[in-house]
Amino acid sequence: MDIRATPVATEDLVRQLKLRRPADLARATLIHVTTFPLAWPIWLEKAGVPGLTPRHAVWVDGFGAAMQLAEQGAGVALGLEPLIAGRERRGTLCRPLSVSQPTGGYWLVHRKGDAGHPGLRTLKRWLEAEIAANG
């Protein structure tokens, strides 16, 4: 599964800060993840605003915590597509900008001979359903 990073925030915060282009993030609190300290700097550089200094910065220990904080309106986090789809459907987060950047992927690795194993097929179906439902 390919993963892309894109800013996410509540609709209220997006309206309040008038977030329309990457440079507008200077008015925001950016929510950083300690295990991926270069995520925002890399995204900002690729979005054409290297060295942008946000109004405030908050650091949390994982993407789950970043999403929860963003859902509370505390700032703008980098969401991972397609893992944010469920939050978008529920209306707790939106994408204020159309810019998303490739950031890697997740793989389910198994031996070729195990492809037909019922347990593995069940796991694959479950993972696909979880991603689709909860993103």
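Predicted model: local features only at pLDDT ≥ 70, side-chain atom pairs only at ≥ 80, totals over all residues.
View 1. Within the helix, Trp-40, Trp-43 and Leu-44 are buried. Viewed along the axis of α2, these buried residues fall within an arc of 100°, so they line one face of the helix. Glu-45 and Lys-46, on the other side of α2, are exposed. The partners against which the buried residues of α2 pack are β1, β2 (29-33), β4 and β5.

**View 2. The largest nonpolar core.** This core has 21 residues, and those that touch the most other members are Leu-19, Leu-25, Leu-30, Trp-40, Trp-43, Leu-44 and Val-76. Two or more residues come from each of β1, α1 (11-17), α2 and β4. Another core, of 10 residues, lies apart from the largest one and includes Val-33, Val-60, Ala-77 and Ile-84.

**View 3. The surroundings of Leu-44.** Leu-44 is one of the buried residues of α2, and it also belongs to the largest nonpolar core. When neighbours within four places in sequence are left aside, Leu-44 is in contact with Leu-25, Leu-30, Val-49, Pro-50 and Leu-52. Among these partners, Leu-25 and Leu-30 are likewise listed with the core residues that touch the most other members.

**View 4. The largest pocket.** The largest pocket holds about 330 Å³ of space. Its lining comprises 18 residues, of which Phe-36, Ala-39, Phe-63, Leu-80 and Thr-103 are the closest to the centre. At least two lining residues are supplied by each of β1 (2-8), α2 (39-46), β4 (76-81) and β5 (101-105). The element that gives the most is β5, with 5 residues. By class, the lining of the largest pocket consists of 13 nonpolar, 4 polar and 1 charged residues.

**View 5. The second largest pocket.** About 160 Å³ of space lies in this pocket. Its lining is formed by Met-1, Tyr-106, Trp-107, Leu-108, Lys-124, Leu-127, Glu-128 and Ile-131. Of these lining residues, 6 are nonpolar and 2 are charged, while no polar residue is present.

How values were computed. Residues numbered from 1 in each chain as written. Heavy atoms only, no water. 1 Å grid on protein atoms, 1.4 Å probe; cavity = no way out; pocket = protein on both sides within 12 Å on 5 of 7 lines; lining within 4 Å. Points joined across faces, edges and corners; volume = space filled by probe spheres on them. Helix = DSSP H or I, 4+ residues; strand = E, 2+ residues; numbered from the N terminus. Nonpolar A, V, L, I, M, F, W, Y, C, P; charged D, E, K, R; others polar. Buried < 20%, exposed > 50% of the residue type's maximum accessible area, 1.4 Å probe, protein only. Arc of directions from axis to C-beta. Contact = heavy atoms within 4.5 Å. Core = buried A, V, L, I, M, F, W, Y, C linked by side-chain atoms within 4.5 Å.
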